[in-house]
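My entries follow the order in which I looked.

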Amino acid sequence: MTHDHSGTHYDYVVIGCGTIGSMALWQLTEQAPGARILGIERFDRVHTKGSYSGESRLFRVALKEGGIYIPMVQQARRMWLAMNERSGRDIFLPVGAVSVGPADFPTMVQTMAVIEEFGLDHEVLDAAELAERFPVFAAPAPGAAPDTAILDPAGGGIRPELAVAWAQQFALSGGATLWDNTRVLAVEPGPDHTLIRTERGDVTADKVIVATGSWAADIFPDLAAHISVQSIPLTWYLPLDITGFLPENLPIFMRDIVRETGGGTEIWHCYGAPTLDGYSVKISHGDFVGGATTPDGLEALRTGEIPADVVRVFSERTAAFFDGMLDAPVRISLHHDGFTADHAPVLCHVPGTGGAVTVATGMSGNGMKFAPVYGRAAAQLAVDGAAPGLPDAFGYPTAVREPSPAVIPATLH
Ligand SMILES: Cc1cc2nc3c(=O)[nH]c(=O)nc-3n(C[C@H](O)[C@H](O)[C@H](O)COP(=O)(O)OP(=O)(O)OC[C@H]3O[C@@H](n4cnc5c(N)ncnc54)[C@H](O)[C@@H]3O)c2cc1C
């Protein structure tokens, strides 16, 4: 990519052009047509080091978190479909979402409560209907509670690398400039403009959006106390017969198994997507490997292996979730995201900058599905100074956020 350094002042600069930053860059070109808009990305235009890599992400409308998230996710769905239409690509896969578990399992109960509160489309399947419709799910162990399923027909999958590439593409067609392989070193708000120090020299901007994901504390060190960066593994397994795992036959899925063991009750959770490569199925397990770490630590983790005993546990569980899988993963990758205490993102003006700097980070394992809406809100905060409908819960954390009844912590995916 050519680096156009002819002008060094911009109306708007977006720092970090990954999931939220690419959407913010696109949305700025829509909301401030004709403005001078620059996106700065530390790595390649689309890369493997951010929180968005890994082939697929889950999208659900019947979110057990409910409340503030439902109108936003409904709006996001409309925007995902519009992205499909405009790009001519299947960025959003409207395959539905299915949650499988015992009917009295807390997340199943909570999901049904949200469905009823918001009058969301859904179908409930009993054990026999589940077995007939989606025969790939393994039957519960003898003596375990029978499974039920909640089908969320508005759910689906997202192809995250495509989403980032196309949001950037829309921004470029709208007149934005994008610098890749350029690391921002510091953001210094001043009385007339904000100075952005980069590896390739300084630029200034009237308004800045910082969307640097797991690296947010590099620019705002105070955020380190509020956002913990955690590593998240993904695994893909190989079924000998792929038919039941094709996108036309299987929605994106989540499953919980409750097991009584000698040592007490164990809950096994998995989530994943129908096959996208035609031979393997993403079946990932809720457990984080490596726990909280720093982005630098993550760079080391990313190149490392997931310990063999952890992979063995994943595989043992996969066999309990699905029938017909070979007993070891054919693909493993390790990723990361920044988590806030209440799992609500930080999406607001940075205090003390007079509205000149907006930050979007702390997506807490849940930012992909909302990305177009969060990107649009970030652009509105920059252009108009306010984003209608943005929850107060997304404000800048000055004290440790206490989980509030209004914000049910979102789960990963
Ligand atoms: C394994 C996994 C599974 C997930 N599953 C789901 C799911 O099913 N559904 C869902 O909704 N969400 C899911 N998520 C969460 C979602 O993917 C993330 O919340 C989202 O991608 C975070 O977006 P972001 O913009 O904050 O970060 P990123 O997408 O990582 O973007 C940050 C960008 O900033 C750049 N950058 C950083 N520092 C600088 C700098 N100094 N200068 C310039 N650029 C910089 C980075 O290179 C990067 O491109 C999952 C996350 C993971 C890791």
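**Entries on the interior**

I began with Tyr374 and, leaving aside its neighbours within four places in sequence, I find it in contact with Ile20, Tyr69, Met72, Pro345, Leu347, Met363 and Phe394, where contact means heavy atoms within 4.5 Å. I note that this is a predicted model, in which local features need pLDDT of at least 70 and side-chain atom pairs count only at pLDDT 80 or more, while totals for chains, interfaces and linings use all residues. Residues are numbered from 1 along each chain as its sequence is written, and side-chain values use heavy atoms, with hydrogens and water left out.

I then looked up the largest nonpolar core, which has 61 residues, and those with the most contacts inside it are Trp80, Leu347 and Tyr374. Such a core is a set of buried Ala, Val, Leu, Ile, Met, Phe, Trp, Tyr and Cys residues joined through side-chain atoms within 4.5 Å; buried means under 20% relative accessible area, exposed over 50% and partly exposed in between, with a 1.4 Å probe and protein chains only. At least two residues of this core come from each of strand 1 (9-15), helix 1 (19-31), helix 2 (69-87), helix 3 (106-118), helix 5 (160-173) and helix 9 (367-383). Helix 9 gives the most, with ten residues. Helices (H or I, at least four residues) and strands (E, at least two) are DSSP runs numbered from the N terminus.

**Entry on Gln168**

I looked next at Gln168, which lies in helix 5 and counts as buried at 0% relative accessibility. Its side chain reaches the backbone oxygen of Cys17 at 3.0 Å. Leaving aside neighbours within four places in sequence, Gln168 is in contact with Cys17, Ser22, Arg45, Val46 and Leu178.

**Entry on the whole protein**

I count nine helices and 20 strands in the protein. Of its 413 residues, 54% count as buried, and residues 24 or more positions apart account for 77% of the contacts with a separation of 6 or more. Along its principal axes, the C-alpha trace spans about 70 × 45 × 45 Å.

Notes:
A polar contact is a pair of N or O atoms within 3.5 Å; within protein, one must be able to donate a hydrogen and the other to accept it, and residues adjacent in sequence count only if both atoms are side-chain atoms.
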